[in-house]
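Work through the exercises below with the model open in your viewer. Try each task before reading its solution.

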Amino acid sequence: MATRKIQAHVAKKQQKQIFIHTDFIRLDAALKLCDAVQTGGHAKLVITDGEVKVNGEVCLSRGKKLRAGDTFEFQHVVYTVKSEQ
């Protein structure tokens, strides 16, 4: 029996930044700010379904406070929170 090698190509994740004027932003608001979702209701659904990662870990809390330097990931896009202060 012949052995075959299979190569998988993993797409790189897109990197984007969002800028905030305050000390923190809630996760659901951040998803709306970067246009990842259209409404707060949609944000709530994707968060509670476990589709969003914060700093590399699945986050189920839509009120999670994101501060400058934090990252969140949704649909293979990684967003970095930056401060404009």
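The exercises go from the whole chain to the sheet, then to single residues.

This is a predicted model, in which local features need pLDDT of at least 70, side-chain atom pairs count only at pLDDT 80 or more, and totals for chains, interfaces and linings use all residues. Residues are numbered from 1 along each chain as its sequence is written, and side-chain values use heavy atoms, with hydrogens and water left out.

**Exercise 1. The whole chain**

Task: list the elements of the protein chain in order from the N terminus, then compare its radius of gyration with the globule rule.

Solution. 
- Step 1. Count the elements: the protein chain has two helices and seven strands. Helices (H or I, at least four residues) and strands (E, at least two) are DSSP runs, numbered from the N terminus.
- Step 2. Read them off from the N terminus: β-β-α-α-β-β-β-β-β.
- Step 3. Take the radius of gyration over C-alpha atoms; the globule rule is 2.2 Å times the number of residues to the power 0.38. For 85 residues the rule gives 12 Å, and the protein chain has 16 Å, well over that, so it is more spread out than a compact globule.
- Step 4. Check the box: along the principal axes, the C-alpha atoms fill roughly 60 × 30 × 20 Å.

**Exercise 2. Burial, contacts and charge**

Task: find what share of the 85 residues of the protein chain counts as buried, and describe its surface, contacts and charges.

Solution. 
- Step 1. Set the cut-offs: buried means under 20% relative accessible area, exposed over 50%, partly exposed in between (1.4 Å probe, protein chains only). By this count, 31% of the 85 residues are buried.
- Step 2. Take the surface by the Shrake-Rupley method with a 1.4 Å probe; for residues, only the protein chains shown count as cover. The accessible surface of the protein chain is about 6300 Å², and carbon and sulfur atoms hold 49% of it.
- Step 3. Define a contact as heavy atoms within 4.5 Å. Among contacts with a separation of 6 or more, 50% join residues 24 or more positions apart.
- Step 4. Count the charges: Lys and Arg are positive, Asp and Glu negative, while His and the chain ends are not counted. Each charge is placed at NZ of Lys, CZ of Arg, CG of Asp or CD of Glu. The protein chain has 14 positive and 9 negative side chains, with the centres of the two sets 6 Å apart.

**Exercise 3. The sheet**

Task: in what order do the five strands of the open sheet lie?

Solution. 
- Step 1. Recall that strands of a sheet pair through backbone hydrogen bonds, either parallel or antiparallel. Here two strands pair if DSSP finds at least two bridges between them.
- Step 2. Write the order: 1-7-6-3-4, with mixed pairing. Strand 1 (14-20) and strand 4 (57-58) are the edges, each pairing on one side only.
- Step 3. Start at strand 1. It runs parallel to strand 7, joined by seven bridges. Gln15 has Val78 in strand 7 as its bridge partner.
- Step 4. Go on to strand 6 (residues 71-74), which is antiparallel to strand 7 over four bridges. Thr71 partners Thr80 in strand 7.
- Step 5. Strand 3 and strand 6 are antiparallel, with three bridges. Val52 stands opposite Phe74 in strand 6.
- Step 6. Finish with strand 3 (residues 52-54) and strand 4, antiparallel over two bridges. Lys53 faces Val58 in strand 4.
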